[in-house]
Amino acid sequence: MTRKNMIAILISLELMLNSVDINFVVFNRFLFPGQLEGMMFTLFAIAIAAAETALAIAIIVNIFRVARNIDIRDLTKMKF
């Protein structure tokens, strides 16, 4: 991990998760063109990713309120 900003790390992880979801849709379309299981799984995965993002942003906001910084190298412990 070369990023040191928590928001940049979160955005990078979300981009990777979204690319996996797109791959699920594409593989479903090419392997099973008449079925919708891949798309339903993708919608479920997107919903889970949205909930995970909301939780991560809440944690980042709380860390910023206490530490006034969201750089990883400046945070030495998670309990403030």
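Contact here means heavy atoms within 4.5 Å. The model shown in every view is predicted.

**View A. Helix α1 and its cover.**
Helix α1 runs over residues 6-31. At 1.5 Å a residue, its 26 residues should span 38 Å, and the end C-alpha atoms are 38 Å apart, which agrees. The buried positions in α1 are Met 6, Ile 9, Leu 10, Glu 14, Asp 21 and Asn 28. Helix α2, residues 37-67, is included in what covers them. An α-helix has 3.6 residues a turn, so residues three or four places apart point the same way.

**View B. The start of α1.**
Asn 5 sits at the start of the helix, where one of its side-chain oxygens comes within 3.1 Å of the backbone nitrogen of Ile 7. Asn 5 and Ile 22 are 17 residues apart in sequence and 26 Å apart in space, C-alpha to C-alpha. Ile 22 has a relative accessible area of 53%, so it is exposed.

**View C. Glu 14, a buried acidic residue.**
Glu 14 belongs to helix α1. Its relative accessibility is 12%, and the limit for buried is under 20%, so Glu 14 counts as buried. Leaving aside residues up to four places away in sequence, Glu 14 touches Ala 49, Glu 52 and Thr 53. Of these, Ala 49 and Thr 53 are among the buried residues of α2.

**View D. Helix α2 and its cover.**
The 31 residues of α2 should span 45 Å at 1.5 Å a residue; the end C-alpha atoms are 44 Å apart, which agrees. Buried in α2 are Gly 38, Thr 42, Ala 45, Ala 49, Thr 53, Ala 56, Ile 60 and Ile 63. Their cover includes α1.

**View E. The largest nonpolar core.**
Seven residues form this core: Met 6, Leu 10, Ala 56, Ile 60, Ile 63, Ile 70 and Leu 75. Helix α2 gives the most, with 3 residues. Ile 60 touches Met 6, Ile 7, Leu 10 and Ile 70, not counting residues up to four places away in sequence. In soluble globular proteins, nonpolar side chains tend to be buried together.

**View F. The aromatic pair.**
A search of the whole structure finds 1 aromatic pair. The ring centres of Phe 24 and Phe 41 are 4.9 Å apart and the planes stand at 80 degrees, so the pair is edge-to-face. Phe 24 lies in α1 and Phe 41 in α2, so the pair ties together parts that are 17 residues apart in sequence. Phe 24 is partly exposed, at 33% relative accessibility. Phe 41 is also partly exposed, with a relative accessible area of 43%.

**View G. Arg 68, after helix α2.**
Arg 68 is found in the segment after α2. Just past the helix, Arg 68 takes a positive phi of about 60 degrees, although this residue is not a glycine. Arg 68 lies over the face of Phe 64, at 5.9 Å from the ring centre. With a relative accessible area of 61%, Arg 68 is exposed.

Terms used: Residues are numbered from 1 along each chain as its sequence is written. This is a predicted model: local features need pLDDT of at least 70, side-chain atom pairs count only at pLDDT 80 or more; totals for chains, interfaces and linings use all residues. Side-chain values use heavy atoms; hydrogens and water are left out. Helices (H or I, at least four residues) and strands (E, at least two) are DSSP runs, numbered from the N terminus. Buried means under 20% relative accessible area, exposed over 50%, partly exposed in between (1.4 Å probe, protein chains only). The expected span of a helix is 1.5 Å times one less than its number of residues. A polar contact is a pair of N or O atoms within 3.5 Å; within protein, one must be able to donate a hydrogen and the other to accept it, and residues adjacent in sequence count only if both atoms are side-chain atoms. A nonpolar core is a set of buried Ala, Val, Leu, Ile, Met, Phe, Trp, Tyr and Cys residues joined through side-chain atoms within 4.5 Å. Rings of Phe, Tyr and Trp (its six-membered ring) pair if their centres lie within 6.5 Å; planes under 30 degrees apart count as stacked, over 60 as edge-to-face and the rest as tilted. A charge sits over a ring if NZ of Lys or CZ of Arg is within 6 Å of the ring centre and within 35 degrees of the ring normal.
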